[in-house]
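Thank you all for coming; I would like to go through the chain contacts first and then a few local details. Please keep the sequence and the model open while I talk.

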Amino acid sequence: MTFSGKLSRRSFMKSTAATGMSTLGAGFASQVWADGHLPDPQSVLDQISIAGYVREDYRNLYSMSDDKPFWDNSKDWIRTVDWEAVRSELAGSTVRFAIGAADTESAAEGLEPFKQLSGIEVELVPIPDDSFYDKALAEFISGNASFDALQFFSPWLGDFAAPGFLYPLDEYAEKWGLPLDDFYDTYRLNYGFFNGTMYGIPFDCDIQMVHVRKAYMEQILGGEVDRVNSVPSYDELIRVSKELNKVEPGVSGVGLMAAPGFWSTYTWEHISAQAGMMLFDESWEPIFNGDAGMKGLEIILELAKNANEGHAGAGWPENRAAWLGGQVATNISWQDSGTQAMRPDQSQIVDDFVTIYEPRIEGGRFAPPNIAGSTSCVSASAQNPEGAFLMLGFLTTASIMAMNEANANGVAPGYRSVLENENLQAVSQPAKVWGDSLDHAWCSPRLPGAFPIEQAIGNEINRAVVGQITAKEALDNAAAAVKRIMTDNGFYAGNDPVDYAAAAPGLYVGEGKDLPF
Amino acid sequence: MSDTTPSRAGAASVASARVRPVRLRRRSRRLKVWFPYLLVAPAVIYLLLITLYPGIYAIIQSFYAVKFGPWRPVGFDNYIQLWGDYQFWAAMRNTLIIGSISLILQCFFALLLAFYAYRDPWVQGWRIIFLVPMLFMPSAVAFIYKLAFLDGRVFSDILIRLGLIDYNLAIQSSTWMSRMVLIIADVWQWTPFLFIIFVAALQGQDEEVEEAARLDGASWWSIFWNISLPLMKPVIAVALILRAIDITTMFANVFIITKGGPAFGTETISYFIYRTGFKSFNFGYASAASVIMLILTIIIAQVVVKRAFVSSRS
Amino acid sequence: MASVRKSRSESLFIRYLILGAWALFCLAPVLWFLSVGLRPRVEIITPRPIYWPTFSLDAWHMIWEDWPMAKYLRNSVLAILGSVLIDLVLAIPAAYSLSRYTYRGRDDIGFYILSTRMMAPAIVAIPIFFLFRNMGLLDTIWALMIIYAAVNLSIVTWIIRSYMLDIPKELEDAARTDGASDMRILWEIIIPAVLPGIITAAVIAMIFAINEFLFTLLIASTPDAYTMSVALANFTGGSDGVIYNAIALVAFLAFVPVFLVVVAIQKHLSRGLTMGAVKG
């Protein structure tokens, strides 16, 4: 199984290795174990800093420094937890961490500070990125998984949690003071909880957004781009993309991901959510082929007329390349399109773009979509669940996640204290809009069978996009396929694996809230 | 089949038979009989293990629903579902369409080039140049074409500069254009395969017959058409069969360039098996498709290949 | 004779036109791809393609520093050499048997071996995957060696067989009346005589092994077993998207040695590619 681009967490590990981290690794190694004693925690924490973790060229570009931190120390778990207490309980124990095989080296470096802070040894269990899903599942089924901790694509949470393969983390979160309330609700509820129990710590916190090119937009608007009002609706986006289409040779009006499989599903979920679409009703019957879902698909079909030529084959890698290469005038994609475009070594459009608030749809609601992302969990048969939890807490802590964002490596923080931080907003262009949007986020439920469901829907949507079938046929086919998959996974038989009431709060968190503008 | 070896060996050992006990002679004779089988056995056993075992495994697995847990027997359900699966038939259709168009084009170009090249003094040079595409890794070739046609839009750009079209081609939205990219990539890479064979065959033909025809005033073209080509028929058959076999297994190009293309329009049967097996984890289902492919392969092998190869042995 | 000469020069112009056009068609993508390999990343995907990029060795540094390219190379070389060795060990006796002996079932055995050439990888991909997984051989070079050997055994056998058929029987008979055993004949006479055939077979097996994609994709999942061919497909991972310049350089890295070797044996190519059916 190939998960390219967005879904591979290689991004985090590889970039940190290529940056300050590699020098850091050397520094840490030399500090170690003088006559068996662990170094003073504060000295280790002091090295987890902007100077140590963020790429030098970016630091210079934005004059980042540690007197302008991106996080709040009081919300940064590694600086609030009592490491001495950790050491007294768990020093000397070992945690086995399943890691994408290509990340092994850099993960080892990244975990050095954790080992020194906690005294816990980490044993890396390389699992091939490409077959992470089936390898992990096979290990879980065997009842004796070779790892204690793992991080994976968050839609799989249902597949792993429903059969009881994951270890509940509520007690540990309580005991060690994990700042759960610093997470935006949508991430905490959807990446962290299943049927009311906490199983995961959100790691890569994604959201899809709309980005536009400044110069082209100003041409049309005759003035500066207003993030709220310049493109207030999808009808307006359609109009704008039409005008900007071919504005210059080689530039299309809008960048769209409409490849077969889950890419199309994500684009469609993104837009339909604004029309008020919900995927299922309270009995888990698919209702997405109703009016809201249809509206979303119709908008996609309209946008497709002005989209880059490759949209019917574009997944995240192609879309990202087209956006950063300047081939599209507007783009519907993840938040990292907004950050990575700022970096001159990756982007042709530095300083020429803006991330705007989600366009609205008449009769719908403001529901920016929380799509994809990844979470960190502990396996039910873990030998050292508490140690595993602590390690995951380290990896997902606010400061490290904030610095990931500063490094523009695509791994995104989900903390209020980070996204609302002014210094971070200065180096991450989408951060303010992103943070404001999260309190209204839409998200799909974490169900067993989520992956085949997303594939099935996306395949049908792609057929509609290339004109093989109509929109109605596509969604109806998709609904039928989804029902079949759900049945295979134990739904509709009187004992649904997922309790709707438990999942419901995470599906749309914007109910009754005022708009951020 | 007459067995000459034992008698020859027997003749040789007869000379020293008088000093050897009868038992030994019979043993050495039996060894002589079995010797050729022994020689060929390791290869055959190796192949049996790699083909027979998986073949049987696939057949058995096709009667179960297999995900990650225990296998669940489902009888013929997988086959019935395949029969009604539009994606399966699309894959078969695509393989046939893309395969035959590629093959016809390759054959045409290879013959054309061979016709002009085999009498040329620089034939060696041409051969080396034409070989180049075939020696690149297929995955590399796939990326070249992905960049040239899709991501980098170089092909569109050239057409625009020539004034033939106004805007970049929307290749991924069109089934036929996506298929053409696959076809062009395959033709580019594998025409040399046929070319090399055709040139060798043409060069191996009797020059005197050609000379005689030339003296009679026949054009090169009519010589080719009436003399060389008919003589080449068995060669063309062998070459085309080999290439056809490889084309039906087209995978790398699909995997890298189109991933099955718009709405399953470029999904070949190999990719279908890969997708249902390793992306949807429907192993029993994918095995059923593999079994069908196996049956088709065996039929074609018996009917076509046997005749072309075994008879050309002489 | 004037008419003959005229048509000869006419066809000469057309001949070079057509051959030259195809040569352009062959080489243009190659040269362009080389230029892709030697440019910075930001110049690859742009609104309009850049035909004269700025020269940059970024990709070269990247493939050696950011990826275990040395490992991929090593894996490719080991897997391929190992598989070719296995093939030769199995095929030479088999070819000898098929070409120098007559016995019942010989043609059927020969045909069976040939028919494995027709086996589409996809047919046995899933069972092989499960087999290797259960044996713990997934993601090892051994698994790749075994598979490549199996895929190429038929080709190697038939090529060598074809060359062995050329050896005059008299050579063997003379040795046999001198009392030499069959094995000695094989080793000391036959093999040296078909050395060109063996080399051709080895080279062609090497090409097909390098080309092998599906099995390699399924079996190899970490740098421990990634070969160059699958590693290429890997350069689409991470937050960097598809890294074309790195891919282009790796492609050339693999191309150059193969090209040199094939040019060396080009005389034998046609015979090799058709597994003996067509003598070049």
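This is a predicted model: local features need pLDDT of at least 70, side-chain atom pairs count only at pLDDT 80 or more; totals for chains, interfaces and linings use all residues.

Where chain A meets chain B, the contact, meaning heavy atoms within 4.5 Å, takes 23 residues from chain A and 23 residues from chain B. Residues are numbered from 1 along each chain as its sequence is written, chains are lettered from A and ligands numbered from 1 in the order in which they are written, and side-chain values use heavy atoms, with hydrogens and water left out.

The area buried between chain A and chain B, that is, the accessible area (1.4 Å probe) that two parts lose on being put together, summed over both, is about 2,100 Å², and carbon and sulfur atoms give 54% of it. For salt bridges, the rule asks for a side-chain nitrogen of Lys or Arg within 4 Å of a carboxyl oxygen of Asp or Glu, and it finds 2 across this interface of chain A and chain B. In a salt bridge between R153(B) and E309(A), the closest N and O atoms are 3.1 Å apart. On the side of chain A that touches chain B, the elements giving two or more residues are α9 (132-141) and α24 (450-465) of chain A, helices and strands being DSSP runs (H or I, at least four residues, for helices; E, at least two, for strands), numbered from the N terminus. The largest share of that side, 5 residues, comes from α24(A).

Now to chain B and chain C, where the contact takes 107 residues from chain B and 108 residues from chain C. The buried area there is about 10,000 Å², with 77% from carbon and sulfur atoms. The rule finds 3 salt bridges across the interface of chain B and chain C, and the side chains of R117(C) and D246(B) meet in a salt bridge at 3.0 Å, N to O. Helix α2 (residues 22-61) of chain B gives the largest share of the side of chain B that touches chain C, namely 19 residues.

Let me turn to a strand inside chain A. In strand β11 (residues 374-378) of chain A, 5 of its 5 residues are buried, where buried means under 20% relative accessible area, exposed over 50% and partly exposed in between (1.4 Å probe, protein chains only). In a regular strand the side chains alternate between the two faces of the sheet. Both faces of β11(A) are covered, with S374(A), S376(A) and V378(A) on one side and T375(A) and C377(A) on the other.

Which strands pair with β11(A)? Pairing requires that DSSP finds at least two bridges between two strands; strand β3 (residues 149-153) of chain A runs antiparallel to β11(A) and is joined to it by 5 bridges, with A149(A) opposite V378(A). Strand β6 (residues 200-204) of chain A also pairs with β11(A) in the antiparallel sense, over 4 bridges, and there D204(A) has S374(A) as its bridge partner.

Finally, S241(A) sits in helix α14 (residues 234-244) of chain A, and it counts as buried because its relative accessibility is 0%. Leaving out residues up to four places away in sequence, S241(A) touches G253(A), V254(A), L303(A) and N306(A).
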